[in-house]
Amino acid sequence: MGLSENWERLKAKHGVASPSKEKNVSKLRKHKGVKNEIKIKPPAVKKLSTRKSPLEVYLWGTDEHPGKDAVGKFVAIDCEFVGVGDNDKSVLARVSLVNYYGVILLDTFVKPEKKVTNWRTWVSGVAPHHMREAIIFKDAQEKVKSIISGRTLVGHALGGDLKCLEIKHPRKKIRDTSKYSGFRVATKGHPPSLKKLVSEHFNFEIQKGQHSSVEDARATMALFRKFKSEIDSEAITKYK
């Protein structure tokens, strides 16, 4: 007679639970706290990363007073574009605005009014699925206008952004970091790349593959703030 058969006989005679049932009962008792209570640790909660890039640290600093969330006097803008038509004309597909401290004031995808023939995702970061949450061009245009009205607008090669937005802004209220003469020395008068300037002055790499208009707007604001007195002086002299 096998071991399992012996056990079945003993169980029938004395009413003993099987080993597997005893194990289950023991677990249940422990779970209910009847005997030998086992404290079960809750799963660890993943904390959101508080790490900031050198640009964010520079812009935000260590003081976290509520005033930093306000729009303020200076706003930086950057746009991403896709191509439409047979000639691959650039049209607005995303626009981002940040304040003096890099806080996002606006970041939205924009539906092109014509059929997209070139998404340029590898550089623009814009893909067809983003259009599900995009707003129409006119709404984006009005949102941008309402934010920048009466304020100093900061950007890098701003002409292209404003042209695609079909917006005009007072020249004396524009601070275009690509036009600052101090940045053009190394490029012999040519517009410097934003990526190179950020690498040189903040030891930080942006535009690693797909671009982010939020990151680029913050980068431009950081450059402007670092050389604010020089850029302001040059712009005021030029457009007074």
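T177 is located in the loop that connects β7 (174–176) to α7 (181–184). The structure is a predicted model. With a relative accessibility of 0%, T177 counts as buried.

**Surroundings of T177**
- Apart from neighbours within four places in sequence, the contacts of T177 include G155, H156 and F183.
- T177 is also in contact with T220, L223, F224 and I231.

**Helices α9 and α10**
- Two packed helices are described by the angle between their axes and the distance between the axes.
- Helix α9 spans residues 213–226 and helix α10 spans residues 228–239; their axes come within 5 Å and cross at roughly 85°.
- Because angles of 65 to 115 degrees count as roughly perpendicular, α9 is roughly perpendicular to α10.
- On the α9 side, the contact is made by L223, F224, R225 and K226, and on the α10 side by K228, I231 and D232.
- Three of the residues in this contact of α9 with α10 are nonpolar and four are charged, with no polar residue among them.

- Five bridges link strand β2 (residues 89–99) to strand β3 (residues 104–111), and the pairing is antiparallel.
- Within this pair, V95 is positioned opposite T108 of β3.
- The hairpin of β2 and β3 has four residues between the strands, and G102 in this hairpin adopts a positive phi near 85°.
- Strand β3 is also joined by two bridges to strand β5 (residues 135–136), and these two strands run parallel.
- V110 has I135 of β5 as its bridge partner.

Definitions and conventions:
Residues numbered from 1 in each chain as written. Predicted model: local features only at pLDDT ≥ 70, side-chain atom pairs only at ≥ 80, totals over all residues. Heavy atoms only, no water. Axes fitted to C-alpha atoms, helices over the stretch in contact; angles between N-to-C directions. Parallel < 35°, antiparallel > 145°, perpendicular 65-115°, else oblique. Contact = heavy atoms within 4.5 Å. Nonpolar A, V, L, I, M, F, W, Y, C, P; charged D, E, K, R; others polar. Pairing = 2+ DSSP bridges. Buried < 20%, exposed > 50% of the residue type's maximum accessible area, 1.4 Å probe, protein only.
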